[in-house]
Amino acid sequence: MNPLLSPASPISFLGLLLLSNIFMTFAWYAHLRHLADKPWWIAVLVSWGIAFFEYVLQVPGNRIGFQHFSLGQLKILQEVITLAVFVPFAVFYMGESFRMDFLWAGLCLLGAVYFVFRGAL
């Protein structure tokens, strides 16, 4: 089996964290669109239900990733994934306008990726 496609590969952890982040983004923000007229505790319960699936994916993703990367590298990669998921969510799902600030934030994260990985290059 190709080591890059094995369950403990660096690529599998990225997929798990990407899916986890999709659940996280919905847990954190979708209630603003769909449950704004409901009591806050209903939004909390719905969000916790969604977040359960985030953790089911995130915990093994981070465990696999930690076999290949340092804690700091994992955190910066998570932030890149967060922005990559959040921008389409904000624009296409929540109906927010795209702003150039999203691009500038992404460029800053690329700088963070450089600095956290430069010793490993």
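**A close look at helix α3**

Modeller: Helix α3, residues 71-93, has 23 residues and reaches 31 Å from its first C-alpha to its last, close to the 33 Å expected at 1.5 Å a residue, where the expected span is 1.5 Å times one less than the number of residues and helices are DSSP runs (H or I, at least four residues) numbered from the N terminus. This is a predicted model, in which local features need pLDDT of at least 70 and side-chain atom pairs count only at pLDDT 80 or more, while totals for chains, interfaces and linings use all residues. Residues are numbered from 1 along each chain as its sequence is written, and side-chain values use heavy atoms, with hydrogens and water left out.

Among the buried residues of α3 are Gln78, Ile81, Thr82 and Val85, buried meaning under 20% relative accessible area with a 1.4 Å probe and protein chains only. Leaving aside neighbours within four places in sequence, Asn21 is in contact with Gln78, Ile81, Thr82 and Val85, contact meaning heavy atoms within 4.5 Å. Asn21 belongs to helix α1, residues 10-34, and counts as buried because its relative accessibility is 0%.

α3 also packs with helix α4, residues 100-117, at an angle of about 165°, their axes 9 Å apart; the axes are lines fitted to C-alpha atoms over the stretch in contact, and angles run from 0 to 180 degrees between N-to-C directions. The angle therefore makes α3 roughly antiparallel to α4, a term for angles over 145 degrees. Residues of α3 including Leu77, Leu83 and Phe86 meet residues of α4 including Phe102, Leu109 and Val113. Just after α3, Gly95 takes a positive phi of about 75°.

Conventions
Helices (H or I, at least four residues) and strands (E, at least two) are DSSP runs, numbered from the N terminus. Buried means under 20% relative accessible area, exposed over 50%, partly exposed in between (1.4 Å probe, protein chains only). Angles under 35 degrees count as roughly parallel, over 145 as roughly antiparallel, 65 to 115 as roughly perpendicular and the rest as oblique.
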